[in-house]
Amino acid sequence: MAPPVSLELRERIIAWKYELNMPISVIAQLANQCEKTVKNVLKTYRDYNQPTSPQAFIRPRGRKRILDRDDLNYIESILLAEPALFLDEIQDKLLVVRDVE
């Protein structure tokens with residue numbers, strides 16, 4: 001997978017196209033990107049009137065976490081109280097007190 005296009009480069013691509021009216025092939029050479037990438041940047045700008053998609057920052061990445069901050073605080077507190085606990089004992093306490101498997 002290619003690295004993401006930086007915000008600065010996106011802004012340059014948009015300026016080259018809409019302020020200087022450069023063709024996409026020239027912009028691709030200047031940006032050192034393929035034409036498809038340049039077209040995608042310009043499409044995003046046309047769709048959202050900004051260099052990046054607003055959804056890029058809204059949707060969460062990866063899987064939902066099983067343990068929340070309160071669960072982690074609980075684990076930390078029981079380890080401070082009993083540092084010699086084994087993992088299975090921690091899991092048992094977590095299940096009984098926090099109802100987390």
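## Contacts around Thr44

Two residues are in contact when heavy atoms of each lie within 4.5 Å. By that criterion, and not counting residues up to four places away in sequence, Thr44 of this predicted model touches Asn49, Gln50, Pro51, Thr52 and Ser53. Thr44 has its place in helix H3. With a relative accessibility of 16%, Thr44 counts as buried, because the limit for that class is under 20%.

## Domains of the chain

The domain assignment divides the chain into domain 1, residues 7-58, and domain 2, residues 69-98. The centres of domain 1 and domain 2, taken over C-alpha atoms, are separated by 50 Å.

A further distance concerns Cys34 and Asp68, which are 34 residues apart along the chain. The C-alpha atoms of Cys34 and Asp68 are separated by 42 Å. Cys34 is found in the loop between H2 and H3, and a relative accessible area of 42% makes Cys34 partly exposed.

Helix H3 comprises residues 35-48. H3 has 14 residues, and the distance from its first C-alpha to its last is 20 Å, close to the 20 Å expected at 1.5 Å a residue.

Which residues of H3 are buried? They are Thr37, Val38, Val41, Leu42 and Thr44. These residues cover an arc of only 155° around the axis, and therefore lie on the same side of H3. An α-helix has 3.6 residues a turn, so residues three or four places apart point the same way. On the other side of H3, Lys36 and Arg46 are exposed. The cover over the buried residues of H3 includes H1 and helix H2, the latter formed by residues 24-31.

## The nonpolar cores

The largest nonpolar core consists of eleven residues: Val5, Leu9, Ile13, Ile14, Trp16, Ile27, Ala28, Ala31, Val38, Val41 and Leu42. H1, H2 and H3 are the elements that give two or more residues to this core. H1 gives the most, with four residues.

A second, separate core has seven residues, including Leu85, Ile90, Leu94 and Val100.

## The aromatic pair

One aromatic pair is present in the structure. Its rings belong to Tyr18 and Tyr45, with centres 5.6 Å apart and planes at 35°, so the pair is classed as tilted. The class of tilted pairs applies here because stacked planes must be under 30 degrees apart and edge-to-face planes over 60.

Tyr18 lies in helix H1, residues 7-18, and Tyr45 lies in helix H3, so the pair ties together parts that are 27 residues apart in sequence. How accessible is Tyr18, and what class follows from this value? Tyr18 has a relative accessibility of 39% and counts as partly exposed. Tyr45, at 25% relative accessibility, also counts as partly exposed.

## Residues with positive phi

Most residues other than glycine have a negative phi, and most peptide bonds are trans. Asn21 has a phi near 55°, a positive value in a residue other than glycine. Asn21 lies in the loop between H1 and H2, and a relative accessibility of 63% places Asn21 among exposed residues.

Asn49 follows H3 and has a positive phi, near 55°. The loop that holds Asn49 runs between H3 and helix H4, which spans residues 69-81.

## Helix H5 and the residue after it

Helix H5 is formed by residues 87-98. H5 has twelve residues and reaches 16 Å from its first C-alpha to its last, close to the 16 Å expected at 1.5 Å a residue. Just after H5, Asp99 takes a positive phi of about 55°.

Methods:
Residues are numbered from 1 along each chain as its sequence is written. This is a predicted model: local features need pLDDT of at least 70, side-chain atom pairs count only at pLDDT 80 or more; totals for chains, interfaces and linings use all residues. Side-chain values use heavy atoms; hydrogens and water are left out. Rings of Phe, Tyr and Trp (its six-membered ring) pair if their centres lie within 6.5 Å; planes under 30 degrees apart count as stacked, over 60 as edge-to-face and the rest as tilted. Buried means under 20% relative accessible area, exposed over 50%, partly exposed in between (1.4 Å probe, protein chains only). The expected span of a helix is 1.5 Å times one less than its number of residues. The arc is that of the directions from the helix axis to the C-beta atoms. Domain bounds come from an automatic or database domain assignment. A nonpolar core is a set of buried Ala, Val, Leu, Ile, Met, Phe, Trp, Tyr and Cys residues joined through side-chain atoms within 4.5 Å.
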